[in-house]
Every structure is written in structure tokens, then in C-alpha cells.
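Subject: Structure for you to look at

Hello,

Here is the structure for you to open. My notes on what was found in it follow below.

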Amino acid sequence: MKRTLIQLLVWMALLLAAGTPRALAEGEPTYESALNDYRANRIRESARALKALLLKDPRHREAAMLLGTIYYQNRKLKKALYLFEKGDASLLNQDNAFAWGSTYLEFDEDKKAALGFRYILKNKAPFRPYATYYLGVIAYRAGQWQRARKFFQKVNPEDLTVALRVNRRRYLADIKRQQDKMLEAIIGGVSKSGQDLAAPQPPVATPMPPKDSGSEEDLAAPKANALQVEGLEDQKGWRHSFKPSLMLTQQNQLSDNHGLNHDNVNLFAHREGVSGMVNSGDERRSSGGLVGGLEYSLGDIGFSAQLEEVQYFTLEQTSGVFTSQARTNQNESSGFVRLQPYLNWYVTETMRFELNVGVSSYFPDYDYLQAWGQVSQQLGARYEHADLEIGLELTALQSFDEKQDKEAIDLGGRADVERQFGDVRLNVQAYGWQTDHARFQSSNRFRLVLADPDLRYRTGFVNEQGATGSLLFNIFSETTLQLRLEAIQREALQGANLNRLRSIDSVESVAYGAGKSLVSLNIPLGDSASITGSAAYHLLTGYHYTDFDTTGLALQDYVTDVEQMIYQAGGVISFAEWIRLSGTYTITSNNFVAGSASSREFRRRNPDYTVDVDFYLELAKSF
């Protein structure tokens, strides 16, 4: 009996000893078990195990990355960011790459965010359309317009939610405005530097999660489809994001008139204020429904201009060349308000209608009795598919000036077609305007540096028609080549004298027609800089100049065609998401074809060549 009892105790001890490691192993969490729980949607169990692992070893990077992913999926972005900081980009995988990218994007860590999104594209991980879209957002923030355009156009709009489709289109529209601003000295216009200072800037469409809240037991399983992407946003009701900003613009323009006159202007324009967007809509919808909102901007805007005119002349019975010099200063500071409600209605996944109503008003010296600006209404329809987009817009603009007690109404239409052919994108558009701005000539032409670009050519003309075709090639990876052709025809008010109202106004501003050709090369330099080189040939037809005597009596009218050669170099560099520098240097030569254009008086007032130097500093932070 005693021997039997001893044998029983030994066997029990052996069994206990053999089972202890297994029991300990089952009671002590491992990363593998936590990962299995996560993939089986046992999120609470996975989170407990991961926290236990990190409590035992705070340097467990894999556990930190997975727990950060869980916190991201449950709208706890501050905790997710803290854990991703303990991880490393070398540990990115298909489970955590999107969470990593979206979290860092929310906290303006664009370079780190791009690592996650690029991993997704390189490894064909889930959420590729959204990763492509957000890489476009990152490039947009850095001022890399061509790169941003490439990403936005690469993504199929049908793979995005309704709200992101609208944002994508708004980004593309603003990218076009920014690129046109860089090329403004080439593509023409009375208003050059600073014309977009008051233009609305679409806030960056990053996730807008609620504040970290809730207990750890509230952790839930991640959604198993693309709805997870917008799960971080306030999916119902109103959202608000805004951007305090400061923009400074320095422009210097020199016009040389065949050695007879030198006209020089130094212009400094500034803008400081806030812009933002309030919008509403169900972010989770992938098709159909309404998306609406209100864009706004307000603040202070103004300019200071110094004009210097030097004339060279000779006197009878004297030898040598004499000069006369005149200097004038002009400045104005205004408050400004811009409101633009909009509504987009997707009737199908590829077809939407949009309605935009806006008012832009400027208040010189903050006096509402001197208010000037314009009211706009726009109705549009757009078809958006993977490689084809077609748009139609009808617009009415009503300009006003309370001090002059004047109003003018423009009616316009525009149609455009974009088609992707591999690495080549073709855009064709046509537009037409009917205007009575011919009777709406502002006495303060420098105000146009603040105004909407649509005011550029209206002064003095009753209608304008134009067509543009452009090809955009992707060459040498992200280097892009743009070829552009444009034709313009205008009709002036009968009996109007369309002299350039300032010596530094563009020659094209009073030409009755124009044929333009442009080639432009954009080269990205890393993630935060790019350089651009452009060349253009323009043939302007029907350029008018009237010579007046000191009493205002017309002495002679000149009409001539003008051949222009234009060369430009420019660049953009971003030091952070909220600091951006850009600049251009442009040389334009004018060859006035008509024989009468060789007269001394004509040559004195019409430039042989111009040099434009534009510099922009923008400080803007989105919230």
C-alpha cells in the first residue's frame, strides 16, 4: 500500500511538472496569439494581449504597431500615434500600412504618412484607391502640382466615396488655378501676381475623428471593407475645417520701349485671414446622394505699388540725351469676405450635377460704402469615369462697385473633355462670354491683382470666345511635359479706345485675338520641391493703341499684329505643410508687325520687351 501511494505521488508530480510549462505558456500572451485574435476579429482579446506584451517589454515594436492599428480603427488617433512612434516603418505590412499613413496624415506628418501609402501601392495592399488619393493630398500640400494631379487622375473616382470624389474634383480645379498662376505671365492677363490671393483654397480632406474617448472595453472589430477608410470621419451631420493663412506677393516688372522709355513697377500684395469649409453628407456612401457645404474666406488684403517712368528725349539745337523721371505711389488696404455655398448631387456613380453660388466683396479702408466685387452663380454637370471626364458649366457673374454706382453682368459657358491614354492625358475645352464690363472700367487698376481671374479681359470687350487643347505626358518617372495650344477672339465695344490703362499692363489685354502655343517641363526635386521651364510663341491680332494729346484729344490710332516670344523659369519649395515659396522669372519680347508701329510715339508707349519677376510666400495651416 505504501509503495503504491509513493508511485502515485511520483506520477502526479511528473504530470504536474510536465503540464506547468504548457499552463504557463497558455497563461502568458504572445504576439502570435494576439495577431491571430486580431485577424479573427477578437479585438478586445488582441488588445489585452498586446498591452500585456508592451507592459512587459515596452520596446516590442511589432506589438506597438498592431495595437496602434487597433486604436486607429477605433478612432483613438492620439494613442495610435503614440504607439506608431514606438514602431518603425520597416514593420509596415498589409494590416497596418493604411492605419499608419492615415494617422500621420491627421497630425501633419506628411513624409511619414507617405511611407504607409506608398507601401500600399508597391505591395498592392488593401485600400489602394484611397492611398492614391491621399498621396495626391500630400503632394498638393507640398505644392507639387503635377505630382498631385498625377495621383488624383490615377485614381478611379468610382472607387472613392461620394465626398472624396467631390474633394478630388475640387483639388484638381485648384491645382489648375495654381499652375495657371505660375504660368500667368505666359498665358496672359491684365492681372498677374496675386490674382489668386483671395481665391478659396479647399481644406485638406484628412480624416476628422472625434476626440479620444471611451474605455478600453469599447474597442470593436474593424470593418471588413473600404468603409473603414471613412470610418474615422464624422459620417453624418456637419463637419468644419479651416485654415488660417498669410500670403505675401512681390512683383517687379520692367518694360523697355525701344530705348525711349523705361517703365518699372514694384508691387507688394498681401493677404492674411482664414478660409475654410463647412460640409455635410454621409461619407460612407459609395454612390448617389447629396454632398453640400459652404466655403468661406475673410481677412485683410491689400497692395502697395511704386511706379517709375523714365523718358529719354533730345531737344532741337542741343546735343546729348535728356531724361525725365516721374514716380508715383499707390496703395490700398481692404477687408474682404468670400462666401460660396455649393451642392453636388450624384445621380449615378459617374454622373453628378453641381450648383455653386458665391459672393466676393472687398471693402477699401473697411468702408462698406466703397464695397466692390462680384456675385456669381454656376450650374454644372460632370461625368467622371476611370479614364474619361466630361464637364459642362453655365455661369453668371454680376460685378458691382458701390462708390461708382455701377453694375455689370457677364454670362458664360464652358465645356471640357479629358481623356487618359496610358501616360498621356488629353484635355480639350471651349468657352464663351457675353459681357458688359466694357462700361465697367475700374479707376483703380491695381485692384485687379486682388480680383477673380474672370475679370482679366472683360474691361473694354463685349464678348470673348476661346478654345484650348493640351497634352500632358509623364516622362522620366514623375517628370511631366505639357504641350498647349489656345485660340482667343474678342469683340470690343463700338467706339471704345482700348489703350492699356497702365504702362505695365499686358499687350495682350487689348488685343482682339490671339493664337498661343506653349511647351512646359516640370521636374520634381524630392518630395518638397520642383522646377519648371517654359517657352511660348504668341501671335496677337488687332492690337490697338491710340495716341492722345495733353487735352485728351485722339491724335492717331494704331492697329498692328504682335509676335511674342516668351521664356520662363520657375520653382516651388515647401519647408513644411504650411510654408511654401514659389517664384517665376519671365522674359517677353514683342515684335509689332505693322509699318506704322515704327513711329516714335508708338514706340515710346509700347514695350519692346518686358521682364517679370514674381515671388510668393504662403503660410497656411489647416485644422
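**The chain as a whole**

Of the 623 residues in the chain, 51% are buried. Please keep in mind that this is a predicted model. The chain contains 13 helices and 16 strands. Among contacts with a separation of 6 or more, 66% are between residues 24 or more positions apart. The chain exposes about 28,200 Å², and carbon and sulfur atoms supply 58% of that area.

**The nonpolar cores**

The largest nonpolar core is made of 57 residues. Inside this core, the residues with the most contacts are Leu50, Phe98, Phe117, Tyr133, Tyr134 and Phe152. Helix α8, residues 128-141, gives the most to this core: 9 residues. Another core lies apart from this one and has 19 residues, including Leu397, Trp433, Leu540 and Tyr543.

Leaving out residues up to four places away in sequence, Phe117 touches Phe98, Gly101, Ser102, Leu105, Ala131, Tyr134, Leu135 and Ile138.

Phe152 is also one of the buried residues of helix α9. This helix spans residues 145-154 and is mostly covered, with 8 of its 10 residues buried. Besides Phe152, the buried residues of α9 are Trp145, Gln146, Arg147, Ala148, Arg149, Phe151 and Gln153.

Strand β5 covers residues 351-364 and strand β6 covers residues 372-384; the two run antiparallel and are joined by 12 bridges. To find the pairing on screen, look for Glu354, which stands opposite Gly380 in β6.

On to the next pair. Strand β6 is also joined to strand β7, residues 388-401, by 13 bridges, and these two strands run antiparallel as well. Here Val375 stands opposite Gln398 in β7. The link from β6 to β7 is a hairpin of 3 residues.

Most residues other than glycine have a negative phi. Which way does phi go for Arg75, positive or negative? Arg75 has a positive phi, near 70 degrees, and is not a glycine. Arg75 sits in the loop between α4 (61-73) and α5 (77-86). Arg75 counts as partly exposed because its relative accessibility is 31%, which falls between the cut-offs of 20% and 50%.

Asp365 is not a glycine either, and its phi is positive at about 55 degrees. Asp365 is placed in the loop between β5 and β6. With a relative accessible area of 57%, Asp365 is exposed, because exposed means over 50%.

**Gln556**

Gln556 belongs to strand β14, residues 554-576.

Setting aside neighbours within four places in sequence, Gln556 is in contact with Tyr545, Thr546 and Asp547. The side chain of Gln556 also makes a polar contact of 3.3 Å with the side chain of Tyr558. Gln556 and Phe602 are 46 residues apart along the chain, and their C-alpha atoms are separated by 9.7 Å.

Regards

Key: Residues numbered from 1 in each chain as written. Predicted model: local features only at pLDDT ≥ 70, side-chain atom pairs only at ≥ 80, totals over all residues. Heavy atoms only, no water. Buried < 20%, exposed > 50% of the residue type's maximum accessible area, 1.4 Å probe, protein only. Helix = DSSP H or I, 4+ residues; strand = E, 2+ residues; numbered from the N terminus. Core = buried A, V, L, I, M, F, W, Y, C linked by side-chain atoms within 4.5 Å. Contact = heavy atoms within 4.5 Å. Pairing = 2+ DSSP bridges. Polar contact = N/O pair within 3.5 Å; in protein donor to acceptor, adjacent residues only side chain to side chain. Areas by Shrake-Rupley, 256 points an atom, 1.4 Å probe, with all protein chains shown as cover.
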